[in-house]
Amino acid sequence: MKGTGYSGILGLAFPLEASIPDTAGRTLSENIFSALADTDRFFAFKLGKTQNSSSFTLGMIDPAYASGASDLAYTPVFTDTADGSQYTYWRMPLQYLTVNSTVFHLSKSRVPGASSPVAVLDTGTTLILGPSTDVERFWESVGGARKNGSVWQVRCDRAVAVGLVLGDEN
């Protein structure tokens, strides 16, 4: 909503990071999850190239991608407190990227307790942030991009296939 100070589309943030103040109520995900069994308190999204190849579900699995919760790999998100009681972002291990099917290794993580780089999954932003050296190497590998101040510009007709390999190394 322009001018309100709120951003994002759906509001899946943890309460500490949500735009909704504690005094105004609970977040959308808190409201929905409170009505679900513990085993069903999850959401899943697949960002596809087209409307028909994308999916978003709350408390259930889209049968086009998995037959049930047992088909999914679970990776815990990083907490923001030493006792593991509070979260701000959906943060997961990020092993590496692929750029046009070529492996793109990342800098060592500076997040305490993280053995690999960390990805923040946020459906409410269009930004992709990272260490300066990784960002520069990324855009140089894409080609056709140029730096303009602190942001990178790439032509809208420049196609690149980027993949994220999330989760712990096995």
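Trainee: Which ring does the charged end of Arg 137 sit over?
Mentor: The ring of Phe 104. The charged end of Arg 137 is 4.4 Å from the centre of that ring. Keep in mind that this is a predicted model.

Trainee: OK, back up a bit. How many helices and strands does the protein have?
Mentor: There are two helices and eight strands.

Trainee: In what order do the elements run?
Mentor: Starting at the N terminus, the order is α-β-β-β-β-β-α-β-β-β.

Trainee: And what share of the residues is buried?
Mentor: Of the 170 residues, 20% are buried.

Trainee: What about contacts between residues 24 or more positions apart?
Mentor: Taking contacts with a separation of 6 or more, residues 24 or more positions apart account for 44% of them.

Trainee: Switching to charges. How many salt bridges does a search of the whole structure find?
Mentor: Four. One of them joins Glu 136 and Lys 147, with the closest N and O atoms 3.7 Å apart. Glu 136 is in helix 2, residues 132-142, and Lys 147 is in strand 6, residues 145-148, so the bridge ties together parts that are 11 residues apart in sequence.

Trainee: Which side chain does Arg 41 meet in a salt bridge?
Mentor: That of Asp 38, at 3.0 Å from N to O. Arg 41 is partly exposed, with 39% relative accessibility. Asp 38 has 61% and counts as exposed, because the cut-off for exposed is over 50%.

Trainee: And Asp 157, what does its side chain meet?
Mentor: The side chain of Arg 155, again in a salt bridge, with N to O at 3.1 Å. Asp 157 is exposed at 57% relative accessibility, and Arg 155 is exposed at 58%.

Trainee: Why would such side chains pair in general?
Mentor: Side chains of opposite charge can pair when their charged atoms come close.

Trainee: Now the aromatics. How many aromatic pairs does the structure hold?
Mentor: Four aromatic pairs. One of them is Phe 43 with Phe 56, a tilted pair with 6.4 Å centre to centre and 40 degrees between the planes. Phe 43 belongs to strand 1 and Phe 56 to strand 2, residues 55-58, so this pair ties together parts 13 residues apart in sequence.

Trainee: Follow-up: how accessible are Phe 43 and Phe 56?
Mentor: Phe 43 counts as buried, with 17% relative accessibility. Phe 56 is partly exposed, with a relative accessible area of 38%.

Trainee: What kind of pair do Phe 138 and Trp 139 form?
Mentor: An edge-to-face pair, 4.9 Å centre to centre with 80 degrees between the planes. Phe 138 is buried, at 14% relative accessibility.

Trainee: Which residues form one aromatic cluster?
Mentor: Phe 43, Phe 56 and Trp 90.

Trainee: Phe 56 again. Which residues form a nonpolar patch on the surface with it?
Mentor: Phe 45 and Leu 47. Together the three have about 320 Å² of accessible area. Phe 45 lies in strand 1, which covers residues 43-46, and is partly exposed at 34% relative accessible area.

Trainee: Last topic, Ile 61. Where is its place?
Mentor: Ile 61 is in the loop between strand 2 and strand 3, the latter being 90-99.

Trainee: Buried or exposed?
Mentor: Ile 61 counts as buried, with a relative accessibility of 17%. The cut-off for buried is under 20%, so the label follows directly.

Trainee: What is Ile 61 in contact with, leaving aside neighbours within four places in sequence?
Mentor: Ile 61 is in contact with Phe 42, Ala 66, Gly 68, Ala 69 and Leu 72.

Trainee: How far apart are Ile 61 and Phe 42?
Mentor: In sequence, Ile 61 and Phe 42 are 19 residues apart. In space, the C-alpha to C-alpha distance is 9.3 Å.

Conventions. Residues are numbered from 1 along each chain as its sequence is written. This is a predicted model: local features need pLDDT of at least 70, side-chain atom pairs count only at pLDDT 80 or more; totals for chains, interfaces and linings use all residues. Side-chain values use heavy atoms; hydrogens and water are left out. Helices (H or I, at least four residues) and strands (E, at least two) are DSSP runs, numbered from the N terminus. Buried means under 20% relative accessible area, exposed over 50%, partly exposed in between (1.4 Å probe, protein chains only). Contact means heavy atoms within 4.5 Å. Patches are made of residues with over 30% relative accessible area and no salt bridge: like charges are joined within 9 Å, nonpolar side chains (Val, Leu, Ile, Met, Phe, Trp, Tyr) within 5 Å. Accessible areas come from the Shrake-Rupley method with a 1.4 Å probe; for residues, only the protein chains shown count as cover. Rings of Phe, Tyr and Trp (its six-membered ring) pair if their centres lie within 6.5 Å; planes under 30 degrees apart count as stacked, over 60 as edge-to-face and the rest as tilted. A charge sits over a ring if NZ of Lys or CZ of Arg is within 6 Å of the ring centre and within 35 degrees of the ring normal.
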